[in-house]
Amino acid sequence: MRKFTQFVLITAAIMAAPSAFAEMKIAVLNYQMALLESDAAKQYAVDAEKKFGPQLNNLERDAKALQDKLVSNGSKMSQGDREKAELDFKQKARDFQFQSKELNESKAAADRDMLKKLKPKLDQAVEETIKKGGYDMVIERGAVVDVKPQYDITRQVIERMNQLR
């Protein structure tokens with residue numbers, strides 16, 4: 001609804017004063033893409049995968065090994081051994097869920113910290129790109145149905161952000 005309202009307002013403004021908008025320089029920016037496609041965000045994604053990925057993989061591997069043991073040896077096990085293996089599997093599954101939740105929360109916190117660090121650089125890159133291009137209006141890409149590539153400044157913002165380091 002918000003995007004529709006923005007669209008209606010922009011359309012009404014353009015229709016109300018066509019001569020004023022004829023000379024306006026308008027651009028479109030995909031803010032989220034500019035952030036996520038920057039070198040810093042890509043490096044963070046690699047680092048986060050190195051930090052959080054192995055821990056989840058180890059938990060998953062342990063639980064799968066127990067499950068495979070139950071499936072392959074279940075018929076050969078005594079009733080007591082099978083029950084013990086099933087309890088071990090259930091405990092590993094609970095541990096996996098708990099630790100997975102903890103790791104996801106840690107990763108979410110790390111993601112928020114990364115966004116806090118990158119947002120000022122992104123804002124600076126956007127401002128500098130707008131000034132350099134002399135744009136009168138910049139619209140979020142999500143509020144636009146279609147746009148010609150020459151009006152999209154996302155790539156320029158990404159390049160500028162990568163230069164800022």
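**First stop: two partners on a helix**

Start by selecting Lys119 and Asp123, which are 4 residues apart in helix H5 and therefore separated by about one helical turn. An α-helix has 3.6 residues a turn, so residues three or four places apart point the same way. Show the side chains of Lys119 and Asp123, and you will find them meeting in a salt bridge, 2.9 Å from N to O. The term salt bridge is used here for a side-chain nitrogen of Lys or Arg within 4 Å of a carboxyl oxygen of Asp or Glu.

Before you move on, please note that this is a predicted model, where local features need pLDDT of at least 70, side-chain atom pairs count only at pLDDT 80 or more, and totals for chains, interfaces and linings use all residues. Residues are numbered from 1 along each chain as its sequence is written, while side-chain values use heavy atoms, with hydrogens and water left out.

Are these two partners covered or open? Lys119 is partly exposed, with a relative accessible area of 43%, and Asp123 is partly exposed too, at 28%. On this scale, buried means under 20% relative accessible area, exposed means over 50%, and partly exposed lies in between (1.4 Å probe, protein chains only).

**Zoom out: the whole chain**

Now colour by secondary structure. The protein has 6 helices and 2 strands, in the order α-α-β-α-α-α-β-α along the sequence. Helices (H or I, at least four residues) and strands (E, at least two) are DSSP runs, numbered from the N terminus. Of the 165 residues, 24% count as buried.

**Walk along H5**

Select residues 79-133, which make up H5. How far does this helix of 55 residues reach? From its first C-alpha to its last it covers 75 Å, close to the 81 Å expected at 1.5 Å a residue. The expected span is 1.5 Å times one less than the number of residues.

Stop at Leu118, where H5 has a kink of about 35 degrees, shortly before the proline Pro120. The bend at a residue is the angle between axes fitted to the seven residues ending there and the seven starting there. Leu118 is also one of the buried residues of H5, which include Ser100, Leu103, Met114 and Leu122.

Asp88 is partly exposed, at 32% relative accessible area.

**Look inside: the core**

Next, select Leu29, Ala34, Leu118, Leu122, Ile153, Val157 and Met161, the residues with the most contacts inside the largest nonpolar core, which has 20 residues. A nonpolar core is a set of buried Ala, Val, Leu, Ile, Met, Phe, Trp, Tyr and Cys residues joined through side-chain atoms within 4.5 Å. Which elements give two or more residues to this core? They are strand S1 (26-29), helix H3 (31-36), H4, H5 and helix H6 (154-164). H5 provides the largest share, 7 residues.

Centre the view on Ala34. Leaving aside neighbours within four places in sequence, Ala34 is in contact (heavy atoms within 4.5 Å) with Leu29, Leu122, Thr154, Val157, Ile158 and Met161.

**Between H3 and H4**

Move to Ser38, in the loop between H3 and H4. Is Ser38 buried or exposed? Ser38 counts as buried because its relative accessibility is 1%.

Glu37 is partly exposed at 32%, and Lys42 is partly exposed at 41%. A search of the whole structure finds 5 salt bridges.

**Across to H4**

Select Lys51 in helix H4 (residues 39-73). Lys51 counts as exposed because its relative accessibility is 54%. Draw a line from the C-alpha of Lys51 to that of Leu103: these atoms are separated by 10.0 Å, although the residues are 52 apart along the chain.

**Last stop: beyond H5**

After H5 comes Gly134, whose phi is positive, near 65 degrees. Then select Asp136, in the loop between H5 and strand S2 (137-140). Asp136 and Met24 are 112 residues apart in sequence, but their C-alpha atoms are 5.9 Å apart in space. Not counting residues up to four places away in sequence, Asp136 touches Glu23, Met24 and Lys25.
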